[in-house]
Structures are given as structure tokens and as C-alpha cells.
Amino acid sequence: MIKVVNIEDAVGQPLAHDITEIRAGEFKGPAFQRGDILTCRDLDHLRRLGKDHLYVIKPEASEMHEDDAAMAMADALCGDGVSWDEAPREGKIALRATRDGLLKVNVEVLEQFNEMGIVMCATRHTNTVVRKKDQVAATRAIPLLIAKEYVDGAVAIAKSAPDSILQVRPMMTANAGVMITGSEVYNGRIEDKFESIIRKKVAAFGGGVLDVVFLPDDDKMIASAARELLAKGANILITTGGMSVDPDDRTRFALKEAGARNMVYGTPVLPGAMFMVAYINEIPVLGIPACGLFSATTMFDLIYPRVLAGDKISRSDIAAKGHGGLCLGCKTCTYPRCAFGK
Ligand SMILES: Nc1nc2c(c(=O)[nH]1)N[C@H]1C(S)=C(S)[C@@H](COP(=O)(O)OP(=O)(O)OC[C@H]3O[C@@H](n4cnc5c(N)ncnc54)[C@H](O)[C@@H]3O)O[C@H]1N2
Ligand code: MOO
């Protein structure tokens, strides 16, 4: 049941929902909260918010208040590594990461949920790296009172996602074996510029470098270095250089010789068209082409967090990155705060 009363007649009554105040560019939030007892002193403030009337609500058994609907849906949306603990604000609940990791959104089921129209869930992009306590999504019902059957329907859709619509997967700590290929570097004709770049990228995700090996463009030497790094305990291999079209670009052939399988080479992303991902006995191997020397962010940066989070990267994962995969090469790179890879 929902009834409209003049605000003067609501004095002494609890408010049925949060009432929002927005002062342009200055404030947005609840000026009054659900359950606040209205007093005479509040009347002018309410009039300034454009409220001459208020609802008195007594939900029927078949209805739910927006706050209760939001709580039911929040429970259903949260999978491993995602939770909520703040009371609804203006009918809306913030869902947050409970650990550092990689946000995984089941986009297909999220769309089914949002197709209902009468409820909503807004999320950050899937595969975003997040920190503990970061907000990853928000949910709410659209109307103030919603038929319980709609909320049940939304909850059922959310629960149909095998690992929930939202989860934050932990990321492994890299113990990286790094292979810097290129005869010109190996023979000292030019100075290596890749090692420091790779060390920074590995450290940015809390990982360490087990060893860095410099190698000429020689299949046998590259293959045996890969085997040695794995024998020493590397849980990921990263190679640089030798990834394009010249006869001396041997890296990926050498990796095959070392047992690399499920190799995906060639990507619809720039920079990073010559990027490669493969696996040697489940250990991921990432091949960074020389564009990684020039561009702050490349295909490697889109894929590396996913590999750390345990994604087994396939051709279709790589193909999906073409849409949004054109970096604008800004003078100052602001990735991940840009559209690249989204
Ligand atoms: N004709 C074509 N040219 C290129 C293609 C192509 O398809 N057709 N692909 C381009 C793309 S895309 C990229 S990315 C680069 C990939 O290059 P590689 O990974 O094969 O790199 P290299 O050929 O080994 O070296 C290129 C360049 O970078 C310098 N380099 C490499 N490693 C280091 C290092 N550790 N420190 C300093 N400098 C390094 C190297 O000396 C060369 O100058 O290819 C495009 N070309
Ligand atoms: O692998 Mo290269 O990026 O496309 O310059």
C-alpha cells in the first residue's frame, strides 16, 4: 500500500525512504534518511527540495521496499571476493572487493539481469584490476515499491551465473623467468632497454624476477634457457624481442621447441600485434614484441593480469580485444584510465 500525504500531515511519522538533496557541483546525498521522524523544523527544508507531499508506505506481502529489494539482489550478485556491508543509500547498495585481484563480470548474465528494466546493476569493466575495498558495482530497484516476484526473478537470474555475476579472483605472485632475445643486445652492439621495463611491470603486481637471461636469435639457446628457467622454478616466462617477420625473429619457434603449446600468436591490438601467449606444461609464456620498448602500454598489459588471475588465454580471448584495442598513443599514458582494451 502506498499513500500520498501533505508534508504537514506527516510530522511525527517515520520517513518511508531516503530523500535526496543535490546542490549543483557541491553535494549529492540523502538529506533525510528512511526512518527519520519528521519534525516541524524539517518542513522548510523539504519544501526547498521540492517536496510538498510524502509517501506513507506499508508494503503488501507481495511487495518490497527499494532498500529490501537492493539487499536481496546484492546478496545474489556477489560471488567470491565481492561483498557489501554498507546500508542502502537512496535505495542503492555499493558492492566492494573483499581482496586485491581481478574483477570478473559475467557480462552475459548481467545483461539478462538488466534486461528486466525494473532493477539495475552497474559494474566496472570485467578484467579490471581492483584493490580490496574498491567499489566494483552498485545495484538497486528502480521503483520505490517493487513486486516481490520481480526481485525473485532478478535474484534467480543473478544466481544462474555459474560463479555469480561478480567475483574478484586473486592473482598469483609471479616468479618470472625473463628472456631478452636479440643478437644485437646479446653481442653488446646495443644496450638493453627491456630489463628495467619488465622488472617494473612484474613488480607492479607484487611479483619478482627469478632471473634475466640474455639470448641471441638462436632457437637452441632460447629453448634451453626456457627449460632451465622452468627447472629453476619460474611460474611464468616472459620473452622480449624477435617476434615479427624477419628471418632472425626466432623466439616463438624456439619456444615451440621448448614445449610451448596452445600458442596464440598475432593479436588485433595495437601496440601488440606481434604479441604471443602459450603454455609449457601449464606454465604461461608471454612474448612481448619490441613495441613494448616504445609504448608504455601494450597488449601485454591487457593480458598479464588475466594470466596472473589464472585465465587460460585462448584465441577467442585475444580476438575479443580487437574492439577497443587501438591505443591512441597519448603523450602521457593514463592507462588504465582510458578506453584502451575495454
Ligand atoms: N615489415 C614489417 N616490419 C615489422 C612488422 C611487420 O609485421 N612487418 N611488425 C612490427 C611490429 S608490430 C613490431 S612490435 C616490431 C616487433 O619487433 P620484434 O619483436 O620482432 O623485435 P626485433 O625485430 O627483435 O627488434 C626491433 C627493434 O627493437 C630493438 N630491440 C629489441 N630488443 C631490444 C632490447 N632488449 N633493448 C633495446 N632495443 C631492443 C631492436 O634492436 C630493433 O631496433 O616489428 C615491427 N616491424
Ligand atoms: O606488436 Mo607491434 O605493436 O603491433 O608495434
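Trainee: Which atom of ligand 1 does a polar side-chain atom of Asp249 approach, and at what distance?
Mentor: In this predicted model, a polar side-chain atom of Asp249 lies 3.4 Å from an oxygen atom of ligand 1, which counts as a polar contact (a pair of N or O atoms within 3.5 Å).

Trainee: And what does Glu184 do there?
Mentor: Glu184 also uses a polar side-chain atom, and that atom lies 2.6 Å from an oxygen atom of ligand 1.

Trainee: How much of the ligand gets covered by the protein?
Mentor: Taken alone, ligand 1 exposes 880 Å², and the protein buries 64% of that area, as computed by the Shrake-Rupley method with a 1.4 Å probe.

Trainee: How many residues surround it, and which are the closest?
Mentor: There are 20 residues around ligand 1, the closest being Glu184, Asp192, Met243, Ser244 and Ala290, where a residue qualifies with a heavy atom within 4 Å.

Trainee: Anything about the numbering and the values?
Mentor: Residues are numbered from 1 along each chain as written, with chains lettered from A and ligands numbered from 1 in written order. Local features need pLDDT of at least 70 and side-chain atom pairs 80 or more, while totals for linings use all residues, and side-chain values use heavy atoms, without hydrogens and water.

Methods
Polar contact = N/O pair within 3.5 Å; in protein donor to acceptor, adjacent residues only side chain to side chain.
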